[in-house]
Amino acid sequence: MTSVAGVRVWLVDRLEASGALTPDWRQAFLDVGRHLFLPDVFWASTGDGYERCDRAESPERWLELAYSDVAIVTQWDDGADSGQREPTSSVSMPTMVASMLRDLDVHEGHRIWEGGTGPGWNAGLLARRLGAHNVVTVELDPAVAAQAAANFRALDAVPTAVVGDAADGHLPGAPYDRGILTCSVREVPPAVIGQIRRQGALVLPFAPLFGGGAVARLTVADGTATGPFTGSSAFMRMRQQRYQAPPVDDYLPGDWPGDSEHEYTTLSPLDVVDDWLASFVVGLAVPDVYYRRSGGGDMTTLWLFDTGVTSWATVDFADGASRFEVRQSGPRRLWSEVEEVVRWWMKQGRPGFERFGLTVSGGEHRAWLDDPVNLLTSARG
Ligand SMILES: C[S@@+](CC[C@H](N)C(=O)[O-])C[C@H]1O[C@@H](n2cnc3c(N)ncnc32)[C@H](O)[C@@H]1O
(Lines give C-alpha, C1' and ligand atoms only; values in the text may rest on other atoms or scores of the structure.)
Protein backbone atom coordinates (compact mmCIF):
# COMPACT_ATOMS: atom_id res chain seq x y z
CA MET A 1 0.00 0.00 0.00
CA THR A 2 1.43 3.37 -1.05
CA SER A 3 1.55 5.96 1.76
CA VAL A 4 0.93 9.67 1.18
CA ALA A 5 4.01 10.58 3.24
CA GLY A 6 6.13 8.08 1.29
CA VAL A 7 5.23 9.34 -2.19
CA ARG A 8 5.51 12.94 -1.06
CA VAL A 9 9.10 12.47 0.15
CA TRP A 10 9.87 10.52 -3.05
CA LEU A 11 8.73 13.44 -5.21
CA VAL A 12 10.41 16.13 -3.10
CA ASP A 13 13.72 14.22 -3.17
CA ARG A 14 13.55 13.96 -6.95
CA LEU A 15 12.73 17.65 -7.38
CA GLU A 16 15.63 18.57 -5.13
CA ALA A 17 18.05 16.24 -6.92
CA SER A 18 17.15 17.79 -10.29
CA GLY A 19 17.83 21.30 -8.97
CA ALA A 20 14.26 22.48 -9.61
CA LEU A 21 13.49 22.57 -5.88
CA THR A 22 15.84 24.69 -3.77
CA PRO A 23 16.42 23.60 -0.14
CA ASP A 24 14.55 26.65 1.23
CA TRP A 25 11.35 25.31 -0.35
CA ARG A 26 11.71 21.70 0.83
CA GLN A 27 9.68 22.01 4.03
CA ALA A 28 6.78 23.80 2.33
CA PHE A 29 6.61 21.04 -0.30
CA LEU A 30 6.55 18.43 2.46
CA ASP A 31 3.88 20.28 4.45
CA VAL A 32 1.48 21.20 1.64
CA GLY A 33 0.41 17.96 0.01
CA ARG A 34 -0.34 18.12 -3.71
CA HIS A 35 -3.14 15.55 -3.41
CA LEU A 36 -5.14 18.04 -1.30
CA PHE A 37 -5.68 20.10 -4.47
CA LEU A 38 -6.87 17.30 -6.72
CA PRO A 39 -10.47 16.31 -7.43
CA ASP A 40 -11.52 12.66 -7.29
CA VAL A 41 -11.50 12.50 -11.10
CA PHE A 42 -8.69 14.13 -13.06
CA TRP A 43 -6.69 13.77 -16.25
CA ALA A 44 -2.91 13.40 -15.93
CA SER A 45 -0.78 14.63 -18.82
CA THR A 46 1.39 11.54 -19.05
CA GLY A 47 3.10 12.15 -22.38
CA ASP A 48 0.88 10.04 -24.65
CA GLY A 49 -2.12 12.27 -24.09
CA TYR A 50 -4.27 12.42 -20.96
CA GLU A 51 -4.84 9.56 -18.57
CA ARG A 52 -8.21 9.77 -16.84
CA CYS A 53 -8.04 8.67 -13.25
CA ASP A 54 -10.91 8.09 -10.84
CA ARG A 55 -9.94 7.83 -7.19
CA ALA A 56 -12.89 5.55 -6.40
CA GLU A 57 -11.82 3.04 -9.07
CA SER A 58 -8.04 3.18 -8.64
CA PRO A 59 -6.97 4.85 -5.39
CA GLU A 60 -3.33 3.68 -5.70
CA ARG A 61 -2.94 5.05 -9.22
CA TRP A 62 -4.66 8.29 -8.15
CA LEU A 63 -2.08 8.83 -5.41
CA GLU A 64 0.81 7.78 -7.62
CA LEU A 65 -0.20 10.36 -10.26
CA ALA A 66 -0.77 13.02 -7.60
CA TYR A 67 2.91 12.71 -6.70
CA SER A 68 4.27 12.18 -10.22
CA ASP A 69 6.03 14.92 -12.13
CA VAL A 70 3.13 15.53 -14.50
CA ALA A 71 0.58 18.31 -14.94
CA ILE A 72 -2.94 17.31 -13.95
CA VAL A 73 -5.89 18.77 -15.81
CA THR A 74 -8.85 19.62 -13.58
CA GLN A 75 -11.05 21.55 -16.04
CA TRP A 76 -11.75 21.41 -19.80
CA ASP A 77 -13.22 24.05 -22.11
CA ASP A 78 -13.69 26.64 -19.32
CA GLY A 79 -16.06 24.21 -17.63
CA ALA A 80 -18.48 24.14 -20.57
CA ASP A 81 -19.14 20.69 -21.94
CA SER A 82 -18.40 21.90 -25.46
CA GLY A 83 -16.67 18.74 -26.62
CA GLN A 84 -13.62 20.74 -27.73
CA ARG A 85 -11.39 19.26 -25.03
CA GLU A 86 -9.05 22.17 -24.45
CA PRO A 87 -7.47 22.00 -20.98
CA THR A 88 -8.33 25.24 -19.13
CA SER A 89 -7.28 24.62 -15.53
CA SER A 90 -4.75 22.34 -13.92
CA VAL A 91 -2.42 21.61 -11.07
CA SER A 92 0.88 22.41 -12.76
CA MET A 93 3.77 20.01 -13.19
CA PRO A 94 5.79 19.85 -9.93
CA THR A 95 9.11 20.62 -11.69
CA MET A 96 7.56 23.76 -13.17
CA VAL A 97 6.02 24.86 -9.84
CA ALA A 98 9.32 24.32 -8.00
CA SER A 99 11.50 26.01 -10.63
CA MET A 100 9.21 29.04 -10.91
CA LEU A 101 9.26 29.41 -7.11
CA ARG A 102 13.06 29.12 -7.26
CA ASP A 103 13.11 31.91 -9.89
CA LEU A 104 10.79 34.01 -7.71
CA ASP A 105 13.57 34.22 -5.06
CA VAL A 106 11.32 34.95 -2.10
CA HIS A 107 12.51 36.13 1.31
CA GLU A 108 10.85 36.33 4.69
CA GLY A 109 8.31 39.14 4.90
CA HIS A 110 7.81 39.38 1.13
CA ARG A 111 4.34 40.14 -0.14
CA ILE A 112 3.35 38.03 -3.13
CA TRP A 113 0.71 38.29 -5.81
CA GLU A 114 -0.23 35.24 -7.90
CA GLY A 115 -2.35 35.35 -11.06
CA GLY A 116 -4.14 32.08 -11.97
CA THR A 117 -4.98 30.28 -8.70
CA GLY A 118 -6.20 27.11 -10.40
CA PRO A 119 -6.86 24.47 -7.71
CA GLY A 120 -4.49 26.41 -5.42
CA TRP A 121 -1.36 24.30 -4.83
CA ASN A 122 1.14 27.07 -5.68
CA ALA A 123 -0.71 29.65 -3.57
CA GLY A 124 -0.84 27.14 -0.70
CA LEU A 125 2.93 26.63 -0.92
CA LEU A 126 3.54 30.39 -0.93
CA ALA A 127 1.24 30.93 2.06
CA ARG A 128 2.99 28.14 3.99
CA ARG A 129 6.39 29.67 3.29
CA LEU A 130 5.65 33.40 3.70
CA GLY A 131 2.56 33.50 5.90
CA ALA A 132 -1.08 33.62 4.86
CA HIS A 133 -1.31 37.42 5.21
CA ASN A 134 1.48 37.91 2.64
CA VAL A 135 -0.10 36.02 -0.26
CA VAL A 136 -2.87 37.14 -2.61
CA THR A 137 -4.02 34.90 -5.45
CA VAL A 138 -6.45 35.80 -8.25
CA GLU A 139 -8.55 33.39 -10.34
CA LEU A 140 -10.89 34.40 -13.16
CA ASP A 141 -13.12 31.32 -13.27
CA PRO A 142 -15.63 31.37 -10.36
CA ALA A 143 -16.04 27.56 -10.34
CA VAL A 144 -12.25 27.03 -10.21
CA ALA A 145 -11.95 29.70 -7.51
CA ALA A 146 -14.70 28.00 -5.45
CA GLN A 147 -12.85 24.68 -5.70
CA ALA A 148 -9.61 26.36 -4.62
CA ALA A 149 -11.40 27.96 -1.65
CA ALA A 150 -12.63 24.51 -0.61
CA ASN A 151 -9.13 23.05 -1.03
CA PHE A 152 -7.60 25.83 1.11
CA ARG A 153 -9.77 24.72 4.06
CA ALA A 154 -7.39 21.82 4.61
CA LEU A 155 -4.44 24.19 5.13
CA ASP A 156 -3.10 25.97 8.23
CA ALA A 157 -2.03 29.01 6.18
CA VAL A 158 -4.79 30.18 3.83
CA PRO A 159 -3.91 32.85 1.24
CA THR A 160 -6.25 35.68 0.32
CA ALA A 161 -8.12 34.32 -2.70
CA VAL A 162 -9.80 36.77 -5.05
CA VAL A 163 -12.16 36.02 -7.94
CA GLY A 164 -11.11 38.42 -10.67
CA ASP A 165 -8.99 39.10 -13.69
CA ALA A 166 -5.26 38.64 -13.14
CA ALA A 167 -4.65 41.25 -15.84
CA ASP A 168 -5.78 43.82 -13.24
CA GLY A 169 -3.40 42.50 -10.56
CA HIS A 170 -5.01 43.21 -7.20
CA LEU A 171 -4.61 46.84 -6.25
CA PRO A 172 -5.86 46.64 -2.64
CA GLY A 173 -2.87 44.43 -1.75
CA ALA A 174 -0.22 46.34 -3.73
CA PRO A 175 2.65 46.97 -3.83
CA TYR A 176 4.02 43.45 -3.97
CA ASP A 177 7.66 42.33 -3.66
CA ARG A 178 7.06 39.51 -6.09
CA GLY A 179 4.47 38.60 -8.69
CA ILE A 180 3.95 35.21 -10.32
CA LEU A 181 1.63 34.34 -13.17
CA THR A 182 0.66 30.72 -13.72
CA CYS A 183 -1.16 31.22 -17.01
CA SER A 184 0.87 32.27 -20.04
CA VAL A 185 0.79 35.67 -21.70
CA ARG A 186 2.01 37.17 -24.93
CA GLU A 187 1.49 40.64 -23.50
CA VAL A 188 2.45 41.34 -19.91
CA PRO A 189 -0.48 43.24 -18.31
CA PRO A 190 0.67 46.79 -17.46
CA ALA A 191 -1.37 46.83 -14.21
CA VAL A 192 0.63 43.85 -12.95
CA ILE A 193 3.94 45.58 -13.63
CA GLY A 194 2.61 48.73 -11.94
CA GLN A 195 1.81 46.86 -8.72
CA ILE A 196 5.29 45.40 -8.19
CA ARG A 197 7.65 47.31 -5.91
CA ARG A 198 10.76 48.92 -7.42
CA GLN A 199 13.43 46.22 -7.90
CA GLY A 200 10.79 43.60 -7.27
CA ALA A 201 10.42 40.60 -9.57
CA LEU A 202 7.76 39.19 -11.83
CA VAL A 203 7.97 35.55 -12.93
CA LEU A 204 5.69 34.50 -15.76
CA PRO A 205 5.31 32.02 -18.62
CA PHE A 206 5.68 34.01 -21.86
CA ALA A 207 4.16 32.37 -24.92
CA PRO A 208 4.33 34.26 -28.21
CA LEU A 209 1.48 33.92 -30.70
CA PHE A 210 3.57 31.87 -33.12
CA GLY A 211 4.40 29.17 -30.58
CA GLY A 212 6.84 27.95 -27.97
CA GLY A 213 7.02 29.30 -24.45
CA ALA A 214 9.47 30.06 -21.66
CA VAL A 215 9.46 31.40 -18.13
CA ALA A 216 10.66 35.00 -17.84
CA ARG A 217 12.11 36.48 -14.67
CA LEU A 218 11.61 40.23 -14.98
CA THR A 219 12.93 42.90 -12.63
CA VAL A 220 10.64 45.90 -12.28
CA ALA A 221 11.72 49.54 -12.03
CA ASP A 222 10.07 52.77 -13.13
CA GLY A 223 7.32 51.09 -15.11
CA THR A 224 9.75 48.83 -17.01
CA ALA A 225 10.09 45.08 -16.51
CA THR A 226 13.17 43.41 -17.93
CA GLY A 227 15.03 40.15 -17.53
CA PRO A 228 16.05 36.80 -18.97
CA PHE A 229 14.08 33.69 -19.76
CA THR A 230 15.00 30.87 -17.40
CA GLY A 231 13.75 27.82 -19.30
CA SER A 232 11.12 26.23 -21.49
CA SER A 233 7.49 26.16 -20.36
CA ALA A 234 4.06 25.18 -21.69
CA PHE A 235 1.15 26.81 -19.84
CA MET A 236 -2.47 27.41 -20.69
CA ARG A 237 -3.03 30.94 -21.86
CA MET A 238 -4.53 33.80 -19.90
CA ARG A 239 -8.13 33.64 -21.10
CA GLN A 240 -8.42 37.00 -22.84
CA GLN A 241 -5.08 36.50 -24.61
CA ARG A 242 -6.25 33.48 -26.60
CA TYR A 243 -6.21 34.48 -30.25
CA GLN A 244 -9.40 34.31 -32.30
CA ALA A 245 -8.10 34.08 -35.86
CA PRO A 246 -10.17 35.71 -38.61
CA PRO A 247 -11.52 33.32 -41.27
CA VAL A 248 -9.09 32.40 -44.06
CA ASP A 249 -11.48 34.12 -46.52
CA ASP A 250 -10.51 37.46 -45.00
CA TYR A 251 -6.97 36.83 -46.28
CA LEU A 252 -7.70 34.90 -49.43
CA PRO A 253 -11.20 35.64 -50.74
CA GLY A 254 -10.84 33.51 -53.88
CA ASP A 255 -9.24 30.13 -54.44
CA TRP A 256 -5.66 29.32 -53.46
CA PRO A 257 -3.11 30.27 -54.84
CA GLY A 258 -4.77 33.61 -55.68
CA ASP A 259 -2.28 36.26 -56.76
CA SER A 260 0.59 34.79 -54.73
CA GLU A 261 4.23 34.69 -55.75
CA HIS A 262 5.79 31.30 -56.17
CA GLU A 263 9.24 30.14 -55.00
CA TYR A 264 11.02 27.30 -53.19
CA THR A 265 12.79 26.99 -49.85
CA THR A 266 15.22 24.42 -48.49
CA LEU A 267 14.11 25.06 -44.91
CA SER A 268 11.50 22.50 -43.91
CA PRO A 269 8.41 24.23 -42.45
CA LEU A 270 8.02 21.35 -39.98
CA ASP A 271 11.55 21.97 -38.67
CA VAL A 272 10.22 25.37 -37.63
CA VAL A 273 6.83 24.58 -36.14
CA ASP A 274 7.66 21.18 -34.64
CA ASP A 275 10.61 22.70 -32.76
CA TRP A 276 9.43 24.38 -29.52
CA LEU A 277 12.56 26.57 -29.30
CA ALA A 278 12.61 27.58 -32.98
CA SER A 279 8.90 28.50 -32.80
CA PHE A 280 9.58 30.54 -29.68
CA VAL A 281 12.39 32.50 -31.35
CA VAL A 282 10.19 33.20 -34.39
CA GLY A 283 7.40 34.31 -32.05
CA LEU A 284 9.73 36.71 -30.22
CA ALA A 285 11.01 38.25 -33.44
CA VAL A 286 7.75 38.31 -35.43
CA PRO A 287 5.09 38.70 -32.72
CA ASP A 288 2.16 39.36 -35.05
CA VAL A 289 2.44 36.21 -37.19
CA TYR A 290 0.66 32.91 -36.52
CA TYR A 291 0.31 29.61 -38.36
CA ARG A 292 -2.16 26.84 -39.02
CA ARG A 293 -1.61 23.43 -40.61
CA SER A 294 -3.70 21.63 -43.14
CA GLY A 295 -3.33 18.16 -44.55
CA GLY A 296 -1.31 15.65 -42.55
CA GLY A 297 0.52 12.36 -42.93
CA ASP A 298 3.19 12.68 -45.60
CA MET A 299 1.77 15.93 -47.06
CA THR A 300 1.25 18.99 -44.87
CA THR A 301 0.67 22.63 -45.73
CA LEU A 302 1.77 25.29 -43.32
CA TRP A 303 -0.29 28.47 -43.59
CA LEU A 304 1.11 31.73 -42.21
CA PHE A 305 -1.03 34.80 -41.47
CA ASP A 306 -0.47 38.20 -39.87
CA THR A 307 -2.82 39.64 -37.23
CA GLY A 308 -3.16 42.81 -39.32
CA VAL A 309 -4.92 40.65 -41.97
CA THR A 310 -2.72 41.95 -44.79
CA SER A 311 -0.72 38.92 -45.92
CA TRP A 312 -0.60 35.14 -46.06
CA ALA A 313 1.84 32.45 -47.14
CA THR A 314 1.77 28.70 -47.60
CA VAL A 315 4.64 26.22 -47.50
CA ASP A 316 4.10 22.63 -48.59
CA PHE A 317 5.86 19.83 -46.81
CA ALA A 318 6.15 16.42 -48.41
CA ASP A 319 7.96 13.47 -46.80
CA GLY A 320 11.43 12.98 -48.25
CA ALA A 321 11.48 16.33 -50.10
CA SER A 322 14.55 18.55 -49.89
CA ARG A 323 12.87 21.69 -51.22
CA PHE A 324 9.44 22.97 -50.41
CA GLU A 325 7.03 25.05 -52.44
CA VAL A 326 6.28 28.50 -51.05
CA ARG A 327 3.42 30.85 -51.98
CA GLN A 328 3.37 34.38 -50.56
CA SER A 329 0.74 37.09 -50.98
CA GLY A 330 0.22 40.61 -49.63
CA PRO A 331 2.55 43.45 -48.71
CA ARG A 332 4.52 41.24 -46.31
CA ARG A 333 6.46 38.12 -47.24
CA LEU A 334 5.56 36.12 -44.13
CA TRP A 335 7.52 32.95 -44.89
CA SER A 336 10.58 35.04 -45.82
CA GLU A 337 10.31 36.82 -42.46
CA VAL A 338 10.04 33.53 -40.58
CA GLU A 339 12.87 31.92 -42.57
CA GLU A 340 15.15 34.90 -41.97
CA VAL A 341 14.67 34.58 -38.19
CA VAL A 342 15.27 30.83 -38.20
CA ARG A 343 18.41 31.09 -40.36
CA TRP A 344 19.72 33.89 -38.13
CA TRP A 345 19.07 31.74 -35.04
CA MET A 346 20.83 28.76 -36.63
CA LYS A 347 23.84 30.95 -37.54
CA GLN A 348 24.10 32.03 -33.89
CA GLY A 349 24.53 28.34 -32.97
CA ARG A 350 20.86 27.83 -32.01
CA PRO A 351 20.98 29.69 -28.66
CA GLY A 352 18.68 28.22 -26.02
CA PHE A 353 15.82 29.81 -24.06
CA GLU A 354 18.17 31.07 -21.33
CA ARG A 355 20.11 33.30 -23.72
CA PHE A 356 17.03 35.29 -24.65
CA GLY A 357 15.34 37.98 -22.60
CA LEU A 358 12.47 40.41 -22.64
CA THR A 359 11.94 44.11 -21.85
CA VAL A 360 8.40 45.42 -21.39
CA SER A 361 7.92 49.15 -21.22
CA GLY A 362 4.95 51.38 -22.00
CA GLY A 363 3.06 48.41 -23.44
CA GLU A 364 5.89 47.55 -25.87
CA HIS A 365 7.60 44.16 -25.76
CA ARG A 366 11.19 43.88 -26.98
CA ALA A 367 13.02 40.58 -27.05
CA TRP A 368 16.80 40.35 -26.94
CA LEU A 369 19.71 37.93 -27.12
CA ASP A 370 22.23 37.96 -24.23
CA ASP A 371 21.84 41.66 -23.44
CA PRO A 372 18.88 44.07 -23.44
CA VAL A 373 20.68 46.27 -25.99
CA ASN A 374 20.98 43.39 -28.44
CA LEU A 375 17.38 43.51 -29.69
CA LEU A 376 16.23 40.66 -31.89
CA THR A 377 15.12 42.84 -34.76
CA SER A 378 18.35 44.90 -34.93
CA ALA A 379 20.55 41.85 -34.25
CA ARG A 380 19.16 40.23 -37.39
CA GLY A 381 19.31 43.38 -39.51
C1 LIG B 1 -2.24 26.30 -15.02
S2 LIG B 1 -3.59 26.83 -14.10
C3 LIG B 1 -2.87 27.43 -12.60
C4 LIG B 1 -2.02 26.47 -11.83
C5 LIG B 1 -2.00 26.73 -10.38
N6 LIG B 1 -1.50 28.05 -10.00
C7 LIG B 1 -1.27 25.68 -9.57
O8 LIG B 1 -1.10 25.91 -8.39
O9 LIG B 1 -0.90 24.61 -10.08
C10 LIG B 1 -4.01 28.35 -14.90
C11 LIG B 1 -5.21 29.07 -14.29
O12 LIG B 1 -5.23 30.41 -14.79
C13 LIG B 1 -6.59 30.80 -14.81
N14 LIG B 1 -6.74 32.02 -15.63
C15 LIG B 1 -6.77 32.13 -17.00
N16 LIG B 1 -6.93 33.43 -17.33
C17 LIG B 1 -7.00 34.13 -16.17
C18 LIG B 1 -7.16 35.51 -15.86
N19 LIG B 1 -7.28 36.42 -16.81
N20 LIG B 1 -7.19 35.88 -14.57
C21 LIG B 1 -7.06 34.96 -13.57
N22 LIG B 1 -6.92 33.65 -13.80
C23 LIG B 1 -6.87 33.24 -15.09
C24 LIG B 1 -7.30 29.58 -15.37
O25 LIG B 1 -8.69 29.62 -15.10
C26 LIG B 1 -6.55 28.46 -14.64
O27 LIG B 1 -7.22 28.08 -13.48
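Guide: Helix 4 and helix 5 are oblique to each other, where oblique is what remains after angles under 35 degrees (roughly parallel), over 145 (roughly antiparallel) and 65 to 115 (roughly perpendicular). Helices here are DSSP runs of H or I with at least four residues, strands are runs of E with at least two, and both are numbered from the N terminus. The model is predicted, so local features need pLDDT of at least 70 and side-chain atom pairs count only at pLDDT 80 or more, while totals for chains, interfaces and linings use all residues. Residues are numbered from 1 along each chain as its sequence is written, and side-chain values use heavy atoms, with hydrogens and water left out.

Visitor: At what angle do helix 4 and helix 5 cross?
Guide: Roughly 40 degrees, and the axes of helix 4 (residues 94-104) and helix 5 (residues 121-130) come within 11 Å. Axes are lines fitted to C-alpha atoms, for helices over the stretch in contact, and angles run from 0 to 180 degrees between N-to-C directions.

Visitor: Which residues meet there?
Guide: From helix 4, Pro-94, Val-97, Leu-101 and Leu-104 meet Trp-121, Asn-122, Leu-125 and Leu-126 of helix 5. Contact means heavy atoms within 4.5 Å. By class, the residues of this contact are seven nonpolar, one polar and no charged. Nonpolar covers Ala, Val, Leu, Ile, Met, Phe, Trp, Tyr, Cys and Pro; charged covers Asp, Glu, Lys and Arg; the others, Gly among them, are polar.

Visitor: How do helix 9 and helix 10 pack?
Guide: Helix 9 (residues 276-285) packs on helix 10 at about 120 degrees, with the axes 9 Å apart. That makes helix 9 oblique to helix 10. Their contact has 10 nonpolar, no polar and no charged residues.

Visitor: New topic. What order do the strands of the open sheet have?
Guide: The five strands go 12-16-15-14-13, with antiparallel pairing. Two strands pair if DSSP finds at least two bridges between them. Strand 12 (261-265) and strand 13 (289-296) are at the edges with a single partner strand each, so one side of each has no neighbour in the sheet.

Visitor: How many bridges join strand 15 to strand 16?
Guide: Four, between residues 312-318 and residues 324-329. In one of them, Trp-312 has Ser-329 of strand 16 as its bridge partner.

Visitor: Which helix lies across these strands?
Guide: Helix 10 (residues 334-347) lies across strands 12, 13, 14, 15 and 16, and runs at about 100 degrees to strand 14 (299-306).

Visitor: And the domains, where are they?
Guide: The domain assignment gives domain 1 (4-239) and domain 2 (248-347), and such bounds come from an automatic or database assignment. Their C-alpha centres lie 34 Å apart. In the contact, 12 residues of domain 1 touch 16 residues of domain 2.

Visitor: Which peptide bonds are cis?
Guide: One joins Ala-174 and Pro-175, with omega about 0 degrees. Pro-175 is in the loop between strand 7 (160-163) and strand 8 (176-181). Another runs from Trp-256 to Pro-257, with omega near 15 degrees. Most peptide bonds are trans, and most residues other than glycine have a negative phi.

Visitor: What phi does Gln-199 have?
Guide: A positive one of about 70 degrees, although Gln-199 is not a glycine. Gln-199 is in strand 9 (residues 196-206).
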